[in-house]
Amino acid sequence: MLLNLTEEQIIQLAPDAASVKAGKGLATRAKWVLLEHSDRAIWGHCQGSGKTPYQTVIDTKNVAFKCSCPSRKFPCKHGLGLLFLYAAQAEQFKEANEPEWVTSWLSKREEKAEKKEQKAKSDTPVDEAAQAKRQAMRHQKVLNGIDELEIWLKDLLRNGLINIPERAYTLFDGIARRMVDAQAPGLANRLKAIQEINFYEESWKYKLTDQLGKLYLLMKSYRNLDLQPEEWQQEIRTQIGYPQAKEDVLAGETITDQWLVLHKRSQKINELNNDIYWLYGCRSNRFAIYLSFTAPGTLAEFNLVPGSTYDGKLCYYKGVGSLRALFKECELSEEAVTPHFCANLQEATARYRKALQQNPFAENVPVLVENLRLAVQGKQLCVQDANNELMPVQMQDITRTDILSVTGGKPFAAFFLADANCWELNSMWYQSDYYIWRDERN
């Protein structure tokens, strides 16, 4: 059974705030004419305005929803309402044999998972000559694009960087599109990231020169790709934007662990919904990033719940210090776990520096630290440890308010995404309880 989901965790599964409000409105026994469960699902009949109640079911092994209502949202308000009600009043659900409509849906999900696994294992013959020709053509296109980008960067430097803030809105558009044409989307993404720097902050000069330096280093590295070790060749190609086939990733080393979901970030990219999950292996002490892309109106393969733990097998993408990974297997665990935290900011910054030494292209390095309090230095919000060391942080205003109201100024532990200037606080633990805030970037 699906256990110990808090209201905040369920909210993370909702497509929008309106669905949360509507779902909470349905989280009452009076709205449901049937509430039942098995060892792998919960289901119910919700009486709407029509004569026939809506049939709603939730897969509790790998959180997924299905409902007979016409809503195009996933999950719909009925799925959320059923889950809210179960989290608050599990005793209202009667244990029963699964009806045919529940069994049929669960069986189809299992068949789909098995077919996907078989497809990943299938030995489809590859036309190596054609593949090599395509790779050579792309390599030359990327080199040509890098030549153009280098000329553009030199012109930028000759004209000076001080006037970039007033031109940033349109300055990078053309050259970023050119990098897409050159089949180097990684370079395009770096240019877009430079464009999105907050040029109203005092730190914009450091951020600009840092990102321009990394961009130039990546360009030079690709030109000298053949001189690099195999692991670095793969990393540089990935940074440029070459994809890695899922089949190749899943054929690599498998890490079996209990994976704690530290944070979830949702954003929309070219009409695709993109959920980014940061994970922590409780036995291996390794971090991982899992990306889920879904088209509007479709369900994700895995709906991971922040703060929950999953028994799973992960395969990491190839590269230097790579964090991105794919699930080979994933099942919700009933065991609640707490990650291992750095004891203070000195230990945490040492881990951050080690990650940068291993891979200078690393960004948003995941860090866990305990025994912290919020503090203010001038106009800058910081976290302070027991040794009175300070680290600048950024967070939503509601996050700051909630932390102070929950902790009352007492020490807490937190998950950060770290960079050289400021760390982003995304979730926290206080007296073993986990707290998270909705994170949407559109």
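**Notebook: salt bridges, cores and a helix**

I started with Arg 223, which is partly exposed, with a relative accessible area of 31%. For this entry and those below, buried means under 20% relative accessible area, exposed means over 50%, and partly exposed lies in between, with a 1.4 Å probe and protein chains only.

I noted that the model is predicted, that local features need pLDDT of at least 70 and side-chain atom pairs pLDDT 80 or more, while totals for chains, interfaces and linings use all residues. Residues are numbered from 1 along each chain as its sequence is written, and side-chain values use heavy atoms, with hydrogens and water left out.

**Salt bridges**

I looked up the salt bridges (a side-chain nitrogen of Lys or Arg within 4 Å of a carboxyl oxygen of Asp or Glu). The structure holds 20 of them.

Arg 223 forms one with Glu 150, at 2.4 Å from N to O. Glu 150 lies in helix α5 and Arg 223 in helix α9, so the pair ties together parts that are 73 residues apart in sequence. Helices here are DSSP runs of H or I with at least four residues, strands are runs of E with at least two, and both are numbered from the N terminus. Glu 150 counts as buried, at 9% relative accessibility. Asp 147 and Lys 154 join Glu 150 and Arg 223 in a network of salt bridges.

I then took the pair Lys 61 and Glu 331, whose closest N and O atoms are 3.9 Å apart. Lys 61 lies in the loop between β3 (54-59) and β4 (64-67) and Glu 331 in strand β10 (residues 325-332), so this pair links parts 270 residues apart in sequence. Lys 61 is partly exposed at 33%, and Glu 331 is partly exposed at 39%.

The next pair I checked is Glu 363 and Arg 190, with 3.5 Å between the closest N and O atoms. Glu 363 lies in the loop between α12 (345-358) and β11 (365-377) and Arg 190 in helix α8, so the pair ties together parts 173 residues apart in sequence. Glu 363 is partly exposed at 45%, whereas Arg 190 is buried at 11%.

**Helix α5**

I checked the length of α5 (residues 128-159). Its 32 residues should span 46 Å at 1.5 Å a residue, and its end C-alpha atoms are 46 Å apart, which agrees; the expected span is 1.5 Å times one less than the number of residues. Its buried residues include Arg 138, Val 142, Leu 149, Glu 150 and Trp 152. Among the elements that cover the buried residues are α6 (164-171), α8 (185-195) and α9 (204-223). Gly 160 follows the helix, and its phi is positive, near 95 degrees.

**Nonpolar cores**

I looked for nonpolar cores, meaning sets of buried Ala, Val, Leu, Ile, Met, Phe, Trp, Tyr and Cys residues joined through side-chain atoms within 4.5 Å. The largest has 43 residues, and those with the most contacts inside it include Leu 83, Trp 259, Leu 279 and Phe 327. Helix α3 (residues 77-88) gives the most to this core, with six residues. A second, separate core of 33 residues includes Leu 149, Phe 172, Leu 187 and Phe 199.

I also listed contacts (heavy atoms within 4.5 Å) for Leu 279. Leaving aside neighbours within four places in sequence, Leu 279 touches, among others, Trp 259, Tyr 290, Leu 304 and Phe 327.
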